[in-house]
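Subject: The structure, and some notes to go with it

Hi,

Here is the structure I said I'd pass on.

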Amino acid sequence: MAIRVLLPQPILPAGYDFLREHGYEAVDGRGFTEEDIIADIAGCDAAIVRTAKITDRILDAAPKLKIVARHGAGYDGVDLEAARRHGVLVCTAGGANAVSVAELAIFYMLYCSRNFKKVQANYLTDYRYAKMGIPKTELEGKTLGLVGLGHIGKLVAKKAALGFDMEVLAYDPFAKQEGLPEYIQLVEDRDEIFRRGDYISLHVPATQETIHSVSNREFDLMKETAYLINTARGSIVDEPALVRALQEKKIAGAGLDVLEKEPLDPSNPLIAMDNVLTAPHIGGATKEASSRSSLACAQAIDDFFCGRTPKFVVPELRDLVGKQHL
């Protein structure tokens with residue numbers, strides 16, 4: 001009998017084709033709610049998950065499940081403690097969406113630098129004010145502060161330094177200056193990122209250590225002319241603290257691809273602010289990134305069932321590798 005891979009949401013053809021060509025049965029689920037997945041997962045050996053949450057209840061309903069592949073770089077939507085109890089390995093698509101997210105981070109910086117949301121809101125009714133009255137700046141010569149220097153952070157640094165002649169500072173306790181390109185200056189003090197950066201761009205996963213790790217203290221350190229860019233996870237930022245910082249003009253604005261509550265709450269004050277750009281978590285939603293992620297997830301599942309270690313096992317569960325019974 002073929003190994004069955006549940007897809008609560010469709011993936012791109014590259015992933016489907018790989019699974020079928022390698023003898024797997026792709027099971028299209030009826031939906032991505034908890035109840036939908038529980039109804040579909042009982043006979044499945046693996047799952048490729050996009051935006052669906054994988055909960056303890058789902059894992060309880062999946063006695064055959066051995067591996068969950070996350071269609072992206074983050075894995076905060078999977079209950080890792082429950083996965084450990086059930087002996088289910090969790091992996092990600094690694095750097096498959098890195099180019100897409102890095103480009104979007106640069107887009108948010110450009111958008112903020114030209115105060116574009118305010119320009120759009122005014123240019124039909126007051127053309128001259130939109131053109132001349134709204135402050136605008138260049139990226140060239142500005143300082144980019146990166147929190148996190150993984151695949152995405154390094155690409156953002158490259159695009160900012162080589163494409164826009166920005167000075168790049170980075171904080172990452174797991175990174176070493178040796179081997180980094182000369183345009184990235186690694187700093188040991190995280191506060192230096194917030195004090196010196198004209199743009200602070202976040203590139204860390206949502207963990208116990210990072211959730212709400214950007215809050216009042218960090219906003220107090222930032223320049224009044226600085227912008228916060230978040231293409232990582234909404235929960236990293238303390239949103240009430242960000243709202244206060246914006247209202248009190250402690251910082252100039254923000255570009256937020258992610259919010260703490262997704263789908264968004266229409267009453268969230270950040271959405272209505274004219275110096276804040278928000279979007280529905282589109283960083284990895286390009287055709288190219290989605291295709292790479294679909295293929296990477298399918299390959300990870302094949303690696304697992306062929307006895308190879310998938311490339312991007314989540315750190316918290318690496319000790320499970322090789323211990324499951326296939």
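Leaving aside its neighbours within four places in sequence, which residues is Asn 97 in contact with? They are Gly 72, Ala 73, Ile 152, Gly 284, Ala 289 and Ser 293, where contact means heavy atoms within 4.5 Å. Asn 97 sits in the loop between β5 (89-92) and α5. With a relative accessibility of 11%, Asn 97 counts as buried (buried is under 20% relative accessible area, exposed is over 50%, and partly exposed is in between, using a 1.4 Å probe and protein chains only).

Before you go further: this is a predicted model, in which local features need pLDDT of at least 70 and side-chain atom pairs count only at pLDDT 80 or more, while totals for chains, interfaces and linings use all residues. Residues are numbered from 1 along each chain as its sequence is written, and side-chain values use heavy atoms, with hydrogens and water left out.

The whole chain

The chain has 13 helices and twelve strands (these are DSSP runs, H or I of at least four residues for helices and E of at least two for strands, numbered from the N terminus). Its radius of gyration is 21 Å, close to the 20 Å that the globule rule gives for 326 residues, so the chain is as compact as a globular protein of that length. That radius is taken over C-alpha atoms, and the rule is 2.2 Å times the number of residues to the power 0.38. The C-alpha trace spans about 70 × 50 × 35 Å along its principal axes, and 53% of the 326 residues count as buried.

Two helix pairs

Two packed helices are described by the angle between their axes and the distance between the axes. Axes here are lines fitted to C-alpha atoms, for helices over the stretch in contact, and angles run from 0 to 180 degrees between N-to-C directions.

Take α5 (residues 98-113) and α8 (residues 151-164): they pack at about 50°, with axes 8 Å apart. They are therefore oblique to each other (under 35 degrees is roughly parallel, over 145 roughly antiparallel, 65 to 115 roughly perpendicular, and the rest oblique). The residues of this contact divide into 13 nonpolar, one polar and two charged. Here Ala, Val, Leu, Ile, Met, Phe, Trp, Tyr, Cys and Pro count as nonpolar, Asp, Glu, Lys and Arg as charged, and the others, Gly among them, as polar.

Now try α1 (residues 13-21) and α13 (residues 287-305), which pack at about 25° with axes 7 Å apart. That makes α1 roughly parallel to α13. Ala 14, Gly 15, Phe 18 and Leu 19 of α1 make the contact with Ser 291, Ser 294, Leu 295, Ala 298, Gln 299 and Asp 302 of α13. By class, that gives five nonpolar, four polar and one charged.

Most residues other than glycine have a negative phi, and most peptide bonds are trans. Asn 115, though, has a positive phi near 50°; this residue lies in the loop between α5 and α6 (116-122) and is buried, at 12% relative accessible area. Asp 165 also isn't a glycine, yet its phi is positive at about 55°. You'll find Asp 165 in the loop between α8 and β7 (167-171), partly exposed at 47%. Finally, Glu 262 and Pro 263 are joined by a cis peptide bond, with omega about -5°. Pro 263 is in the loop between β11 (253-256) and α12 (269-272).

Cheers
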